[in-house]
Amino acid sequence: MGSELGVTAASTPQPAYTAVSIWWACWAGTWTVIVASGMAYLIAHRSTPPLLLRGLGLSLSAVVVLHVYWASVQFGTMIGTIMPGDAEYWIMGTYLPCGFALFHASNSRFYHVAKLQEDYIIRSSGGIDLSSTSRGKLGAVDRFRRLAYTTKILVLVTMASLVQVFLTVLMWLISRKWHRTWGIPGTEVHGTEMQQKSEMGRGWEWWPGVLGQVFWSWIVGPVVLWKSRHIHDTHGWRVQTMGSIIANLPATPMWLIALYVPAMEPVSQYWLPPQWICLSIWVMEVFAVLLPCREVMRHRAIRQGAFDSIARWEPNTNPFADGTMARRSASILVELTRSGRESWSRSLGSSSSSRDSIFTKRALEYVLERNPAPLQDFSAHRDFSGENIAFLTRVAEWKRSLPHAVWDSRISDYGDLTDLIREQFHRALCIYTTFIDRHANFPINISSQHRKELEKVFDGPAGLLFGDGRPANPAVPFDAPGYAPTPLASPIASMKAEAGSLVADNDPAQYWGEIPQTFSETVFDRAEESIKYLVLTNTWPKFVRSCGIAAEVDLLAGS
């Protein structure tokens, strides 16, 4: 039997420029160009919704590390005989397990995001559970738990990788296979140079690397696969995660079979034993690079279809688009989501103009006002954008609770007016820390200009109330935290009662500082319009299609 790179006692210490080796070298160059181009495309479009949630840093880092191992194997048939005897040992003992660790850490992010998005789902009890935040002294475990998910994963992956590297170094030190001056006696290899290289390419020294592969592929991977089995999303992330994990399962067993089963020796002349691992890596790269590229293109097609529908129905382009048809379409959609799926053609009609009306801004606003729960559930469970619908709903509730007289300068002499404004500011501050603040789990995707404008209003008070290292509330409270206002005998009392109707009285903290002069009832208007436009061109078309309208609308084709 030969070694890891097919070196046998009969091999000659010179490069082998055979048809097989040249083919593998050309294949290595071609696939490397494809992967690099795909990665560049993903980086260029990293701000699109299908990629924002994935965490490209982890997945692309894993691809780069694994590709180094993959490329070294592709040239094995050509230069394996002239490579140092321990070169492949170090590559397989470091790059491969570290790459697998990063890759499965990236896969676990899928379940983590889906789990967090459940906090945005409106419960039947009428609210969303809040997670209490301890403000006492934190121990090391608590501080670790409060780290960002990516940071925690990197810490764990680093620790596991250090253990793997330590074992790899330890095996190299205690074995005399690669050095004769130190190590355990009896572990030396003898014979010609090729005989020694053949023995260096296999043996018990390689087993720490094997155990690392088994741990990530057969323990961590299946656990993530099992936990994610009921999660379905619109971004192709489930297919990517499941495909990558399943493709990784046969790699190590097939590598061991090819390396130690004599019957595989004829195959190994053309297909080296580590090529079975490389086949798994190739499939993983398809799912990690090319599939997300396809999802970005699909996202652009959906947006273009939404743009076309909007252009046909917005008032400035269609004089007959007065909103009546859009509201009728949306009202039927509301009924469909309440009573179950029915035929869209029976409910609304078969004309393309009628179907297009459902994709307008008026239709979206109608559903947000009348029955946002199905859209909220869809955006959180499948689109992983629950923070957008929750933000729109929360801001709408905040605006509805604002008495118009609060901003009327004619009654500014009332002494308790400041308390009422402070109460509304506190509720707005909670919206900011939950959806916009940089510490939020899922900050809404608004422009940097809009974010800076809101930071000028809320960032200082948020730091005073929650601290600079404030953890964002992972839930999305539709009942805004605050305090129940104390009734006062004044003309403002009735307005305060009205404003406090949506305010819970169990918030442990209340802001009593100075209210910025730029705070007003329009403070969220620009962010609200930006998110509403994002939902209209991304989540809303998918939601409409999910209600059984997809077959007739054929949104992806832009019809």
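Asp 459 is partly exposed, at 23% relative accessibility (buried means under 20% relative accessible area, exposed over 50%, and partly exposed in between, with a 1.4 Å probe and protein chains only). The model is predicted, so that local features need pLDDT of at least 70 and side-chain atom pairs count only at pLDDT 80 or more, while totals for chains, interfaces and linings use all residues. Residues are numbered from 1 along each chain as its sequence is written, and side-chain values use heavy atoms, with hydrogens and water left out.

The partner of Asp 459 in a salt bridge is Arg 438, with the closest N and O atoms 3.3 Å apart (a salt bridge is a side-chain nitrogen of Lys or Arg within 4 Å of a carboxyl oxygen of Asp or Glu). Arg 438 lies in the loop between helix H20 (417-435) and helix H21 (448-466), and Asp 459 in helix H21, so the pair ties together parts that are 21 residues apart in sequence. Helices are DSSP runs (H or I, at least four residues), numbered from the N terminus. Arg 438 is exposed, with a relative accessible area of 51%.

The structure holds eleven salt bridges. Among them, Lys 542 pairs with Asp 383, the closest N and O atoms being 3.0 Å apart. This pair links distant parts of the chain, with Lys 542 in helix H24 (residues 539-553) and Asp 383 in the loop between helix H18 (373-381) and helix H19 (386-400), 159 residues apart. Both Lys 542 and Asp 383 are buried. Lys 177 forms a salt bridge with Glu 205, where the closest N and O atoms are also 3.0 Å apart. Lys 177 and Glu 205 are both buried.

Aromatic pairs number 29 in the structure (rings of Phe, Tyr and Trp, the last by its six-membered ring, pair if their centres lie within 6.5 Å; planes under 30 degrees apart count as stacked, over 60 as edge-to-face and the rest as tilted). The rings of Phe 307 and Tyr 533 have centres 6.2 Å apart and planes at 20°, so the pair is stacked. Phe 307 lies in helix H13 (residues 275-313) and Tyr 533 in helix H23 (residues 525-537), 226 residues apart. Phe 307 is partly exposed at 25% relative accessibility, and Tyr 533 is partly exposed with a relative accessible area of 43%. One aromatic cluster is formed by Trp 23, Trp 24, Trp 27, Trp 31, Trp 70, Trp 271, Trp 276 and Trp 282.

Note on methods: Helix = DSSP H or I, 4+ residues; strand = E, 2+ residues; numbered from the N terminus.
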